[in-house]
Amino acid sequence: MASSTSFSLLFLCSFLLIASSSLAKTSPPPKALLLSVSKDPKTLQYVTQVSQRTPLVPIKLTVDLGSDFMWVNCERGYNSTTFRIAPCGSAPCRLVNTTECTTECYPPAAGCNIDACASAPSNNVANTGLGGPVSVDVFQIPSTDGRNVLRAVTVPRFTFVCGNNFVEGGLASGVTGIAGLGRAGASLPAQLSSYFGFDRKFALCLSSSTRSSGVVFIGNGPYTFLPNVDASSSLTYTPLVINPVSDNGFNPDTTSAKYYIGVKSIKINGKRVSINNTLLTIDARGSGGTSISTVDPYTVLESSIYRAVVAAFVEAMPKNVERVANVAPFGACFSSKNIGSTRLGPAVPAIDLVLQNDSVYWRIIGANSMVEARKGVLCLGFVEAQSFFQRRVGVVIGAHQIEDNLLQFDLSASRLGFSSSLLGRSTTCGNFNFTSTS
């Protein structure tokens with residue numbers, strides 16, 4: 001009898017071991033994660049979709065490189081059995097870097113009688129913000145091998161902040177929050193990298209088309225686009241620069257969540273533009289420097305830099321190209337009649353952002369510098385800083401200028417890798433194969 005029992009136990013253990021081994025083979029840990037990003041034709045915002053809550057609900061979020069964390073409008077029918085608000089002093093509060101406490105809750109915050117920590121969801125599209133409770137819930141995202149979409153993976157307690165109807169104003173139709181990709185511990189890539197043990201690295205590739213989706217990769221490459229182009233294989237690197245002064249009035253003692261690079265000068269057709277170079281350096285108040293934005297549709301320049309760049313670009317244009325009346329918000333528009341067309345876009349003067357030395361530069365070619373403002377009219381897609389927030393920075397590299405460029409934000413090495421236009425490699429950011437192989 002004992003022998004029979006031992007045999008049964010041995011058989012059971014063997015079965016469990018085999019089953020466990022089989023499960024491990026079918027569900028290995030992900031090597032990288034993936035977000036599909038589409039361009040909204042009306043607002044020019046870049047929108048992604050993730051799944052959150054129990055049961056899972058797909059939610060649309062505007063992608064923002066300059067936001068500290070993910071926030072979701074909890075006033076718009078938020079229902080979940082796994083939703084929890086974070087008590088003051090808890091790990092989610094420390095992650096969001098807040099010591100503020102509140103007893104105010106938004107539906108469906110169970111336990112509103114406890115002290116919850118609070119932060120300020122910000123909408124950098126409309127420049128609005130309002131306090132809301134730090135919360136946790138289930139979060140799901142697809143994995144990838146850098147070539148295809150693989151199985152979805154789940155984080156059981158993902159930290160985010162509850163927003164509301166007010167702060168949602170100005171976002172694209174159907175969008176109920178912000179996917180914050182900023183330089184902060186609670187950002188979407190930072191939390192996911194920490195949970196899955198990835199290097200602190202993500203890559204962004206925005207499609208210039210509203211008919212095909214771009215992509216965000218979280219984790220290491222390859223970052224492969226049809227027809228078998230690994231965009232991570234030929235990156236140029238430049239250091240990321242920290243702005244020590246926060247843009248977030250709710251947490252003024254933190255550093256800025258925006259990504260800055262050290263542009264030293266600007267050249268057009270190889271000729272240096274005469275500007276006040278001190279504006280390209282971050283000063284003691286946190287003003288100046290060069291940041292990268294996904295919520296500014298076009299590159300924003302401080303007024304004196306803008307005037308100098310426009311004048312130099314107009315001077316460098318071929319003499320047979322007619323300048324025409326400006327189309328707002330642009331300050332230099334041309335008839336397209338005598339502007340040639342190449343695989344890199346309109347044949348216009350190249351704009352170089354010179355980085356740590358003259359041999360390292362980010363070249364902006366015609367597809368990224370020009371905008372078809374109306375039929376037969378091409379405008380230089382740079383605009384003059386208007387708002388207080390825009391005037392704080394010398395140069396804000398806008399979304400149109402980074403379309404079809406792969407940007408890798410490597411926080412471990414504190415550097416930005418950039419591909420320059422993928423059009424030169426006969427592919428685009430809209431050429432990722434979203435066909436699932438799982």
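**Figure 1. Strand E5 pairs with strand E10 in this predicted model.** E5 covers residues 84–85. The two strands run antiparallel and share 2 bridges. Ile85 has Ser135 of E10 as its bridge partner. Ser135 also has a bridge partner in E11, namely Phe160.

**Figure 2. Strands E10 and E11 form a hairpin.** E11 spans residues 149–163. Its pairing with E10 is antiparallel and counts 9 bridges. Between the two strands lie 4 residues. Gly146 sits in this turn, with a positive phi of about 90°.

**Figure 3. Strands E1, E2 and E7 also pair with E10.** E1 (residues 32–39) is antiparallel to E10, with 2 bridges. Here Ala32 faces Thr144 of E10. E2 (residues 46–52) joins E10 through 2 bridges, again antiparallel. In that pairing Gln52 stands opposite Phe139. E7 (residues 116–119) runs antiparallel to E10 and is held to E10 by 2 bridges. Ala118 is placed opposite Pro133 of E10.

**Figure 4. Strand E10 is largely enclosed by the rest of the structure.** E10 comprises 13 residues, 132–144. Of these, 11 are buried, so the strand is largely enclosed.

**Figure 5. Thr299 lies in strand E22.** The strand covers residues 299–301. Thr299 has 2% relative accessibility and therefore counts as buried, the cut-off being under 20%. A polar atom of the Thr299 side chain lies 3.0 Å from the backbone nitrogen of Gly398. Leaving out residues up to four places away in sequence, Thr299 touches Gly381, Phe382, Val383, Val395, Val396, Ile397, Gly398 and Gln401.

How values were computed. Residues are numbered from 1 along each chain as its sequence is written. This is a predicted model: local features need pLDDT of at least 70, side-chain atom pairs count only at pLDDT 80 or more; totals for chains, interfaces and linings use all residues. Side-chain values use heavy atoms; hydrogens and water are left out. Buried means under 20% relative accessible area, exposed over 50%, partly exposed in between (1.4 Å probe, protein chains only). A polar contact is a pair of N or O atoms within 3.5 Å; within protein, one must be able to donate a hydrogen and the other to accept it, and residues adjacent in sequence count only if both atoms are side-chain atoms. Contact means heavy atoms within 4.5 Å. Two strands pair if DSSP finds at least two bridges between them.
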